[in-house]
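Me: I have a structure open and would like to learn how to read a few of its features. Please start with contacts between side chains.

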Amino acid sequence: MAQKEFQTRKQGASQQTNVSNWIERFFQLQTKQTNIKTEFIAGWTIFLSMLYVIPVSAEILSHAGMPKDALITAITLVTILSTLACGLYANMPIAMSVGMGLNAYFSYDIVQGAGIAWQQALGIVFLSGILFTIISFSNFRIWILKSIPKNLRFALCVGLGAFLASIGLKGLGFFVLQNDNLLLGDLSNISTLLGTLGILFILVLYLLKIKGAFILGILSLSIIGFLFGLIQSPTQFLSSPASIAPVALRLELVSILKSAFIPIILTLMITDLFDSLGTLSGVGIKANLFQELNDKNIPHNTSLEKTLQVDALATTIGSLFGTSTTTSFLESASGVEAGGRSGLTAVFVALFFCLTLFMLPLFLSIPSFAIYPILVVVGVAMFLEIAHIDFSDTASAIASFFVILLMPLTTSITIGLSAGFLIYLLLLIAQRNWKQINLGLLFISSLSLLPFIF
């Protein structure tokens, strides 16, 4: 009996060893100088850093008229599938989810601003994802990257940050619009006051590089809301996931096949491309990943190319699930700092997010004054990219100024980006700087005229 038990344990240990060896070979752990334990810790770190995405994105997209409970499930599923695909296909420690800023663009610019149905907006996301997919599998992405100066790429990120922060401050009631004047809101309002204090609290946590700063801020503000009776505490903490039927496969395509929608589709595609490249560049610096970003030609079959392909396909598939544009998340850098180097980190992140499928009551109970401060702090983090703008390049620096200024003022990413390209081209012509004017810039600038025509 004892010998039989010994043989059973030996077989179990052997099987565990085989699985461990397979994991190490598949994810190239030795080559990447990491191990399963380190990848696990890195995955948990990214998960804590990104957990805020589920309730925040659901809140933002619900402003487009979509049911919040279905969105929570849809966003979680897209996060799991896209992150898992990145880990298994690209073998990179990159987590993906519904993009911050891009979700605000979906709700406040495309749906509320342009006055179109969210079903049509999902169709626009789908088409932008198809374009991004084509680009990611071809040399066209090189042509686009070479055609647009780095300053405008950084300006897009900075403008998105300003746009996101303005939404957060407006949602808190920190400022109001009266007689065409922007005035300070009523700070004596308890929700506004708590939200403002929440911004300061989360900023301190963020500056101190506290892991999970955003989710800690949300939890703290929610608990205060419960204690002061501002919101009702959830009657239960766990439940079955809500159905995604109200938002899944509801996109409309035929009604958006019009020239008026071309600028929006292209803006989404370009924004997703730049957002992803900027994120991957930032994460790569932490551990010398994505070295091909320094290569002007960006060769084929690299980790960068595979990650961009997953990113593009995730946006396309995400629109079918009922979510806005999916992109790589800069929070992945927290996992890289914890030692994550392979796709196993991303696989662990995806597995951790599976747990959130059953946290619907908790997510639905989070008050808006705990959500909006996150938008402000994320906006601040994105705005800090302004440090990378080269102000010695006068033409692109001036164009960047208008990109950054017009996005929050017009509440339109399309208008801000289009104006930036047009101003940049006009300034180059005025300077007679013909070397900087290429076919790609002329093509993009001609498309930038469309928002001002239609």
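Reply: A salt bridge is a side-chain nitrogen of Lys or Arg within 4 Å of a carboxyl oxygen of Asp or Glu. This is a predicted model, where local features need pLDDT of at least 70, side-chain atom pairs count only at pLDDT 80 or more, and totals for chains, interfaces and linings use all residues. Residues are numbered from 1 along each chain as its sequence is written, and side-chain values use heavy atoms, with hydrogens and water left out.

Me: How many salt bridges does the structure hold?

Reply: The structure holds 1. Glu59 pairs with Lys68, and their closest N and O atoms are 2.8 Å apart.

Me: Are Glu59 and Lys68 buried or exposed?

Reply: Buried means under 20% relative accessible area, exposed over 50%, and partly exposed in between (1.4 Å probe, protein chains only). Both Glu59 and Lys68 are buried.

Me: How do I read a helix?

Reply: Helices (H or I, at least four residues) are DSSP runs, as are strands (E, at least two), numbered from the N terminus. The expected span of a helix is 1.5 Å times one less than its number of residues. Helix α4 covers residues 68-90, 23 residues in total, and reaches 32 Å from first C-alpha to last, close to the expected 33 Å.

Me: Which residue follows α4?

Reply: Asn91 follows α4, and the phi of Asn91 is positive, near 55°.
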